[in-house]
Amino acid sequence: MKRARNFSAGPAILPESVLEKVQSEMLSYRDSGMSVMEMSHRSSLFEEIISDAEQLLRELMNIPEGYKVLFLQGGASLQFSMIPMNLGKGGKVGYINSGSWAKKAISEAKILKVPNMEVLASSEEDNFTYIPEIPETDEAYDYIHITTNNTIEGTAFQTIPRFVNAPIVADMSSNILSNRYDVNDFGLIYAGAQKNIGPAGLTIVIVKEDLIQTENKLPSMLDYRTHIKNDSLYNTPPSFSIYVAKLVFEWLKDLGGVEAMTKMNEEKAGLLYRTIEESDLFSSPVAINSRSLTNIPFVTGKKDLDAKFVKEATALGFLNLKGHRSVGGMRASIYNAFPYEGVKELTEFMKAFEAKEG
Ligand code: PMP
């Protein structure tokens with residue numbers, strides 16, 4: 001059985017050793033006679049899984065006390081609404097419009113009629129090909145929202161902006177655990193699991209507890225306080241996804257943690273960017289100082305040739321390289337579980353394609 005070189009932006013490739021472990025525990029997890037999928041979320045076996053998952057994530061990201069870790073559902077997209085609902089105090093809120101997902105976060109806040117919403121910077125006019133310059137301000141904001149990595153466009157913040165009177169809320173969906181970050185720089189971090197963490201269905205929220213508004217009246221499921229009070233077990237959580245996430249956290253810890261993973265990702269991305277730079281056929285649509293480590297778009301400049309490249313690559317087992325419909329061209333998503341070898345093979349194919357077509 002041959003595994004594909006799967007460049008999907010998400011749901012994305014998972015570590016092979018994790019999939020094997022899941023397979024080996026599928027019929028009977030720790031002699032329970034059942035899989036984790038079939039197990040009560042109130043059982044002691046599952047309580048141990050969720051508590052280990054939290055502990056491992058705290059270790060991997062060095063999450064300080066005072067921050068809560070929540071295992072939720074609804075995807076990163078539900079956080080676009082939960083954040084204004086839970087962190088808004090009626091003061092100003094700021095958004096950085098750095099990509100299609102940031103734009104969705106902004107439009108959800110607009111639906112909620114969040115008062116005093118400001119878009120502080122945007123690169124939309126230039127098709128989000130760079131991270132816009134963030135203005136300095138010492139004015140008070142309830143929060144300022146950024147997207148650390150723009151999955152569709154392939155850009156990433158190289159430094160996290162700091163404001164004296166505004167906590168940063170970060171959508172880290174496509175580079176959580178693949179880039180070293182200091183959690184202290186953020187008031188809230190959120191991410192859908194299906195890229196760097198595990199199966200879809202799980203959303204992770206890391207929130208500084210003192211930012212949560214106690215005045216806001218919210219439906220229980222949309223209120224962070226409900227999930228904090230119940231250790232993410234208010235209702236049935238996405239138990240299987242949490243279990244796989246725990247295994248992915250163990251895998252990452254064994255590899256040396258986020259620091260070691262960042263270096264590996266720099267090597268993988270570096271190889272692909274070098275290949276694009278040295279090519280006369282392929283180019284990157286993204287500003288050099290905004291490059292993402294995890295999502296790397298590239299184009300030939302000709303639609304037909306892009307389509308031919310994707311078709312031939314697919315036939316060779318390099319899957320899901322077609323760029324997002326809003327950007328076109330190609331995009332290689334190379335999250336933590338994507339092996340260096342696979343990137344090397346892709347660059348070799350790119351060179352062979354150029355020799356033939358360039
Ligand atoms: N934000 C970013 C940066 C994303 O990449 C995605 C998914 N691709 C989302 C939000 C939406 O995530 P979900 O599908 O989990 O709602």
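**Packed helices and local geometry**

Author: Helices H3 (residues 75–87) and H4 (residues 100–111) pack with their axes 8 Å apart, at an angle of about 50°. The model is a predicted one.

Reader: Why are H3 and H4 called oblique to each other?

Author: Angles under 35 degrees count as roughly parallel and 65 to 115 as roughly perpendicular, with the rest, apart from those over 145, being oblique. The angle between H3 and H4 is about 50°, so the pair is oblique. The crossing of H3 past H4 is right-handed.

Reader: Which residues make the contact between H3 and H4?

Author: From H3 come Phe 80, Ser 81 and Pro 84, and they meet Lys 104, Ala 105, Glu 108 and Ala 109 of H4. By class, this contact has four nonpolar residues, two charged and one polar.

Reader: What makes H7 and H9 roughly parallel?

Author: Helix H7 (residues 257–278) and helix H9 (residues 340–357) pack at about 0°, with 10 Å between their axes. An angle under 35 degrees counts as roughly parallel, and H7 and H9 are therefore given that label. On the H7 side the contact includes Met 264, Leu 271 and Leu 272, and on the H9 side Tyr 340, Val 343 and Met 350 are among the residues. The contact of H7 with H9 divides into six nonpolar, two polar and three charged residues.

Reader: How do you know whether H2 is parallel or oblique to H6?

Author: The axes of H2 (residues 44–61) and H6 (residues 239–254) cross at roughly 40° and come within 9 Å. That angle makes H2 oblique to H6. The H2–H6 crossing is left-handed. Among the residues in contact are Phe 46, Ile 49 and Leu 56 of H2, and Ile 242, Tyr 243 and Phe 249 of H6. Twelve residues of the contact of H2 with H6 are nonpolar, five are charged and one is polar.

Reader: Which peptide bond is called cis, and what is its omega?

Author: The bond from Gly 10 to Pro 11 is cis, with omega near -10°. Most peptide bonds are trans. Pro 11 lies in the loop between strand S1 (5–6) and helix H1 (16–24).

Reader: What is around the ligand, and how does Gly 10 come into it?

Author: Gly 10 is one of the residues around the ligand, and others include Trp 101, Thr 147, Asp 171 and Gly 192. Helix H3 supplies the largest share of this shell, three residues. By class, the shell has eight polar residues, two nonpolar and one charged.

Reader: Where does the domain label come from, and which residues carry it?

Author: It comes from an unreviewed UniProt entry, which lists "domain: Aminotransferase class V" for residues 6–346. In the model, that span is 34% helix and 15% strand, and its end C-alpha atoms are 11 Å apart.

Methods
Residues numbered from 1 in each chain as written. Predicted model: local features only at pLDDT ≥ 70, side-chain atom pairs only at ≥ 80, totals over all residues. Near = placed C-beta within 6 Å. Helix = DSSP H or I, 4+ residues; strand = E, 2+ residues; numbered from the N terminus. Nonpolar A, V, L, I, M, F, W, Y, C, P; charged D, E, K, R; others polar. UniProt positions renumbered as here; feature names shortened; annotations may be inferred. Axes fitted to C-alpha atoms, helices over the stretch in contact; angles between N-to-C directions. Left-handed = near helix turned anticlockwise from the far one by under 90°. Contact = placed C-beta atoms within 7 Å.
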